[in-house]
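Visitor: I am new to reading protein models. Could you walk me through one, feature by feature?

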Amino acid sequence: MMQLVSSPPEPVETPVGQLYQRHWLGLLIAIRQHIPSEADAEDILLDVFLAAMEHSALFQISAQRQEAWLRRVAYNKCMDYHRRGIRRPAQSLHDDVAERLVDEKTLTPEQSLLHQEELTQLQEHLGSLSREQQEVLRLRFADELPCAQIAARMRKSEGAIRTMLSRTLNLLRGIYKQRREEGNCYE
């Protein structure tokens with residue numbers, strides 16, 4: 001069972017916190033009907049409440065209309081998730097990593113040099129991140145901790161950790177995408 005269901009969040013006295021308290025479970029259940037992955041469903045739930053925070057008029061309407069708005073946003077985010085999957089099918093991270101991991105002994109000198117260069121560039125990119133971003137990546141991927149445990153260690157909310165992790169990974173993707181595009185210009 002996923003983390004959100006096993007331990008309800010602590011009550012929060014902000015309008016968004018109260019909205020979250022009333023609707024998080026129902027929305028998560030609805031999202032899970034469309035999204036098979038627990039982690040992706042939780043990310044979508046977070047995106048729904050981030051959208052709610054940005055939509056200040058939401059707090060001026062009735063509770064029934066708020067719920068309808070949240071459900072519509074959740075549905076739209078689920079459909080966006082599936083559209084992204086159609087255009088760019090998801091690859092298993094395990095498979096991708098397995099393909100890239102190579103026995104150092106089987107590499108040619110050129111391949112070994114390229115591999116070392118990629119590692120050096122990765123270290124440079126990671127070094128350009130803030131200490132907090134580096135720490136959240138280390139805890140998530142090196143220590144393999146779930147976001148809830150990272151949040152407890154870093155004394156932040158789980159939502160803040162998920163957002164930081166997502167933004168940091170998107171930043172790194174952007175750096176690599178830009179690097180690939182710049183490389184293609186020379187080909």
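Visitor: Which residues does H125 touch, not counting residues up to four places away in sequence?

Guide: Contact means heavy atoms within 4.5 Å. By that rule, H125 touches L172, I175 and Y176. Before we go on, note that this is a predicted model, where local features need pLDDT of at least 70, side-chain atom pairs count only at pLDDT 80 or more, and totals for chains, interfaces and linings use all residues. Residues are numbered from 1 along each chain as its sequence is written, and side-chain values use heavy atoms, with hydrogens and water left out.

Visitor: Where is H125 found, and is H125 buried or exposed?

Guide: Helices (H or I, at least four residues) and strands (E, at least two) are DSSP runs, numbered from the N terminus. Buried means under 20% relative accessible area, exposed over 50%, and partly exposed in between (1.4 Å probe, protein chains only). H125 sits in helix 6, residues 109–127, and counts as buried because its relative accessibility is 15%.

Visitor: How many helices and strands does the protein chain have?

Guide: The chain has nine helices and zero strands. Buried residues make up 25% of its 187 residues.

Visitor: What share of the contacts joins residues at least 24 apart?

Guide: Counting contacts in the chain between residues at least 6 apart in sequence, 54% join residues at least 24 apart.

Visitor: Which residues of helix 7 are buried?

Guide: First, the general idea. An α-helix has 3.6 residues a turn, so residues three or four places apart point the same way. In helix 7 (residues 131–142), the residues V136, L137 and L139 are buried. They lie on the same side of helix 7 because they cover an arc of only 165° around the axis, the arc being that of the directions from the helix axis to the C-beta atoms.

Visitor: Which exposed residues does the face turned away from the buried side of helix 7 carry?

Guide: That face of helix 7 carries R131 and A142, which are exposed. After helix 7 comes E144, with a positive phi near 55°.

Visitor: How many salt bridges does the structure hold?

Guide: Side chains of opposite charge can pair when their charged atoms come close. A salt bridge is a side-chain nitrogen of Lys or Arg within 4 Å of a carboxyl oxygen of Asp or Glu. The structure holds eight salt bridges. One of them joins D80 and R83, with the closest N and O atoms 2.6 Å apart. D80 and R83 both lie in helix 4 (residues 63–87), three residues apart, about one turn of the helix. D80 is partly exposed at 32% relative accessible area, and R83 is partly exposed at 45%.

Visitor: Which parts does the pair of K156 and E132 tie together?

Guide: The side chains of K156 and E132 meet in a salt bridge of 3.1 Å, N to O. K156 lies in the loop between helix 8 (147–154) and helix 9 (158–185) and E132 in helix 7, so the pair ties together parts that are 24 residues apart in sequence. K156 is partly exposed at 31%, and E132 is partly exposed at 36%.

Visitor: Which residues are linked in a network of salt bridges?

Guide: E42, D43, E158 and R162 are linked in such a network.
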